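Hi,

Here is the model I promised to pass on. Have a look at it first, and my notes follow below.

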Amino acid sequence: MHPVQIYYIILLFLSVVFTLIYTYMWHKHFSVYFSLIFAFIPVANIGYLSTSMATNLEEALMATKIVYFGGCYLVLFITFYIFDMCHVKLPKALKIIMIALSTIIYAFVLTIERGHLFYDEVSFSINENSLPVLTKTYGPVHTLFYIFVGICFITGFTTIIYSYFKKRNVSRRIIWLLFIPEFLAAFAFFVIRLFIKDIEFTPMAYVFAQVMYILIGHYICIYNVTDTAIDTLVESGATGFISFDFNMNYLGSTSTARKIFPELRNLTIDKPLKRDPKLYDRFAPWIKEYAMDDTHGKNYYTHDEHIYLVDINHLIHEGKSNGYQFVITDDTKNQKYIELIDNYNSNLEKEVKEKTADIIAMHNNLIRSMAMLVESRDNSTGGHIVRTSDVVEILMDEIMKDTDFIEQNGITEEFKRDIIKAAPLHDIGKISVEDDVLKKPGRFNDEEFEKMKQHAPEGARVLHSILKDTTDDSFKKLAENVAHYHHERMDGSGYPDHLIADQIPMEARIMAIADVYDALVSKRVYKDSMSFEKADEIIMESMGKHFDKRLEKFYIAARPRIEEYYSKISE
């Protein structure tokens, strides 16, 4: 195989590979002319390869038609693409005329073996290097083709040069990537073929152009600040976008962003943000803060009595961050609404707190009043509910100091609040005990004691009925447990259910210490009050039997305050 043929094979292979690469990186926002360029270049290279391998006139003419199929349209699509990338709007009518002219020229190409307008004469031969040679004389339409191609190149160069000096919203990097292949293609088409006849350099220029255009495709995805998911927002003007790379070079912005930050209009794409001190002072602190901690991406900016939310995110392309993108939305209504809601909520919260405090106070007073009503029937326990509630609070103060204990037993501030509030209700079941038993001025016999024992389960039943509609489930359950089990003992000798150790709820175990201690140091109709020392001796001896041994240290710690408390109320 001749080296010239190998040359065309390599170019065809490369053009197909680059087209596949483009297909892989294709993006919805790529221009249709961009896709057509990559589609037509391999077709044109097939024509050049076929020309080098033709064995007769018929094959040579067919290959020539394929070459011109690329030639007639490729230069046109490249010109249209330059206009798109330079943001120069070409009238639709002019586009149609140019496409029609290109099609007419190619229609004459299809008649080269019969007509004389494109090729006046054509012949085929094999030269001394065993390569096919197509000898032809050109007709008037071929001259028109040269003029058409020349106009496309001149128009493309003019647009590129104008954009470089006049348009700030076009990347200089992309302008250079457009200029280089355009120059090489023009040079290969009009100059090199005048001196070298046996080999075409135009297909090489096409392949080199593919490389440049792949780079352009990569940069388009970075510079394109109007991603598909936000097209509607961009078109409506409700949201602005600004992009910077990691070196704080300006990559682009939308018109909405430029209205909010007018200084952006004077900032050239690819140029450092530092070129505008005002913009740098505004954006640089936001970028630096976000770079250190990407949770700090939301900022507010006020302009012309509007409050804008400036949301910073990473500029993502192909799964990698290429810089920073600012998403700017008018948040004025939301901020004013939030301010209004905050003021309303503050006032409402204040009113709710006041009403809630009143309701809680009424609720607590009602609970204590219920307990006092029951106690008023019992001649022997005057003030018991108040004292036991206070002792429970003193014990809880000590318990709450032991972090390990409260974590192991699930004790919280809510638990503390609930048990102090429930303590006065521990004997509410006495409301169902007969007067002749409850008010007996002496010790109970066995039958009377059995009746008295029923106040524990009865108290739980009464509280369940009273509190069944409350939304405070934790208090309801705790209050029932205190009433039901405060006479249970750790060794199982208590009542009413003879529970053992951890079967007894923690709140009932705490209540038991306060209840017994008050009974010991208080005067009853059937006994005198005991001294603190004697009461303490009984309590300590009962630890592990009657009372939870684990609560002993809290009782010991609370004892000075308990004794001080009883000393004061006895004065």
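To start with the aromatics: I paired rings of Phe, Tyr and Trp (its six-membered ring) if their centres lie within 6.5 Å, calling planes under 30 degrees apart stacked, over 60 edge-to-face and the rest tilted. On that basis the structure holds 52 aromatic pairs. Take Trp286 and Phe326: their ring centres are 6.4 Å apart and the planes sit at 40 degrees, so this pair is tilted. Trp286 belongs to helix α10 (residues 277-292) and Phe326 to strand β7 (residues 320-330), so the pair ties together parts that are 40 residues apart in sequence. Helices (H or I, at least four residues) and strands (E, at least two) are DSSP runs, numbered from the N terminus.

Before I go on, the housekeeping. This is a predicted model, where local features need pLDDT of at least 70 and side-chain atom pairs count only at pLDDT 80 or more, while totals for chains, interfaces and linings use all residues. Residues are numbered from 1 along each chain as its sequence is written, and side-chain values use heavy atoms, with hydrogens and water left out.

Back to that pair: Trp286 is buried at 9% relative accessible area, and Phe326 is buried at 0%. (Buried is under 20%, exposed over 50%, partly exposed in between, with a 1.4 Å probe and protein chains only.) There is also one aromatic cluster whose members include Tyr68, Phe118, Tyr138 and Phe190.

Phe118 turns up again in the largest nonpolar core, which has 73 residues; Phe118 is among those with the most contacts inside it, along with Tyr81, Leu178, Tyr213 and Ile216. Helix α3 (57-85) is one of the elements that give two or more residues to this core, and α3 gives the most, with 16. By core I mean a set of buried Ala, Val, Leu, Ile, Met, Phe, Trp, Tyr and Cys residues joined through side-chain atoms within 4.5 Å.

Most residues other than glycine have a negative phi, and most peptide bonds are trans. The bond from Tyr495 to Pro496 is cis, though, with omega near 10 degrees, and Pro496 is in the loop between α18 (473-485) and α19 (506-521). His498 is found in the loop between α18 and α19; its phi is positive, near 55 degrees, and it is partly exposed at 49% relative accessible area. Asp304 has a positive phi of about 50 degrees. Asp304 lies in the loop between β5 (298-303) and β6 (306-317) and counts as exposed, at 59% relative accessibility.

Cheers
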